[in-house]
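Work through these exercises with the sequence and the 3D view side by side. Try each task before reading its solution.

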Amino acid sequence: MKFNINKYGIYSFAFATAVSLTACVNDLDVTPIDPNLDTPENVLTSTEAYNQMLAKCYSGLAVSSPDGDSGSPDIEGIDGGFGQYLRALFNMQELPTDEAVIGWNDQTLKDLHGLQWTSSDVFVSAAYSRVFYQISICNEVIRQIDKASNSSEATMQQYRAEARAIRGLSYLHAIDMFGNVPFTDENSEVGGGNPQQISRAELFTWLVKDMEETAELLPANPEKYRAGKGLCYMILAKLYLNAKVYTGTADYQKCAEYCQKVIDLGYQLESANDYWKLFCADNDQYLGVGHEIIFSVYQDHINTQAYGGTTYIINAQVGGNMNYADYGLGGNGWGGIRVTPQFVDKFEEGDQRATFFTDGQSKEIKDVSDFFSGYAFTKFTNLKADGSTIPGANSFPDTDFPVFRLGDVYLMLAECQVVGGVSCDGIAKFNAIRTRAGVGEIANPTANDIINERARELAWECHRRSDLVRFNLLTTSDYLWSHKGMNSNVGTPHAVDAKYNLFPLASSDVISNPNLEQNTGY
């Protein structure tokens, strides 16, 4: 059974009361997804109605508002573009690293690359708010399904499991970025007061159990764009990959086990000729069992118009002497994001992933504000796989965002073997990635080879900050990149306080909820 992931096909029942009272972010003025609300009793009258309600869990990853790009955002107090889920995630996971620097002067945006944000940073708060709003939406969907007279039906139980899986994805982002966080689930009392804080280690244990149970309830080969076993297995693999960070105890063995479970589902690595098609306007043809993309966020130039997601990435990467039409855009790019010279230097000659635009661009970043300072990186495009433009294309791309894909699984297995000492075929998988990219094999890769290969293969896919934290490189002097730790164009890159391995909880939430303790150092 299909649902419409678009700005019109989503039931909007009584989220106004239910979500605002159970949201983890107490200071938010959370607005309903439609001003013309009805009650659940009047709207949720069929299984299809619950299917459309579930669609909000998915669309929350793609859009900021049910009313299109100019509509009122789900969350007030933050620009709808800044507060879109994928844009906020990209800002948190890429801008503090060597993979991206942005030239805009929007509020505290440059502080992200300088690793010097505060607990009141508007971009950190946007990510925090969006993650917990999404969790609250999923919680409410589960509650409504549990209250339904037909809740025990197989279809309804699958919808419930899908909402759990999408909630699990957001809790993965929460544990990774914010550590000890406010916690709610479907059993949290509506109007029950401020949420309690859960420790990172306790959330790890809860999330592992929840995703293990959920995986058993979902199909191995789900309908396109919907949650299946692969999504849950990827969340579990990511949890165990970062277990040392989250709990203090590494567990690469379990990471390898869940990576293998993903492979056993039948996902396949795409060919060298098809690699770039994973990031183009019709990349949905590479989604699902038999292909490489395991889970992606739907993007459409008509139905998911928002200033986040791949709209943000593709428009922001285009500027200077670049011709916007060469990237399938319907108008000039935004001229914002480039990469550091240290990232450029990671690529060997012949590596097909080194798609840098250099005409008029200096490799060195002399001025963060100047788009010509630093190479542009053109990984994502709004062109179709055959190089043609989508009919009616505009500046809202059709390029889906690949949240998880098999290339990451292969590199996780490599890390499990090289860093974790697990007996698996990780090195072979590592070299399969390199061979596809057009570079030579490495017989005995080191930990440094692993982290560098992850940079080349997974750039701009929202993994880099987590990877650098896991390898103790984000804040230390062991690895420096252009403008790391700097707040201007003066000075030299340097190590920063270890507190920046975590983002702070939103200060407004800590002030309003006495149950919350701020992360150390903020």
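**Exercise 1.** Leaving aside its neighbours within four places in sequence, which residues is phenylalanine 371 in contact with?

*Solution.* The model is a predicted one.
Step 1. Find phenylalanine 371 in the loop between strand S6 (356–357) and strand S7 (376–377).
Step 2. Set aside the neighbours within four places in sequence; phenylalanine 371 then touches Ala316, Gln317, Val318, Gly319, Gly320, Met322, Gly335, Gly336, Ile337, Arg338, Gln361 and Ala376.
Step 3. The C-alpha atoms of phenylalanine 371 and isoleucine 337 lie 7.5 Å apart, although 34 residues separate the two in sequence.

**Exercise 2.** Decide whether phenylalanine 371 is buried or exposed.

*Solution.* 
Step 1. Recall the cut-off: buried means under 20% relative accessible area.
Step 2. Phenylalanine 371 has 7% relative accessibility, so it counts as buried.

**Exercise 3.** Describe the surroundings of arginine 353.

*Solution.* 
Step 1. Locate arginine 353 in the loop between helix H13 (341–344) and S6.
Step 2. Its relative accessible area is 2%, so arginine 353 is buried.
Step 3. Look for polar partners. The arginine 353 side chain makes a polar contact of 2.8 Å with the side chain of aspartate 351. Another polar contact, at 2.9 Å, links it to the side chain of glutamate 457.
Step 4. Beyond four places in sequence, the contacts of arginine 353 include Tyr275, Trp276, Phe347 and Phe377.

**Exercise 4.** How many of the chain's residues, in percent, count as buried?

*Solution.* The chain has 522 residues, and 63% count as buried.

Conventions:
Residues are numbered from 1 along each chain as its sequence is written. This is a predicted model: local features need pLDDT of at least 70, side-chain atom pairs count only at pLDDT 80 or more; totals for chains, interfaces and linings use all residues. Side-chain values use heavy atoms; hydrogens and water are left out. Buried means under 20% relative accessible area, exposed over 50%, partly exposed in between (1.4 Å probe, protein chains only). Helices (H or I, at least four residues) and strands (E, at least two) are DSSP runs, numbered from the N terminus. Contact means heavy atoms within 4.5 Å. A polar contact is a pair of N or O atoms within 3.5 Å; within protein, one must be able to donate a hydrogen and the other to accept it, and residues adjacent in sequence count only if both atoms are side-chain atoms.
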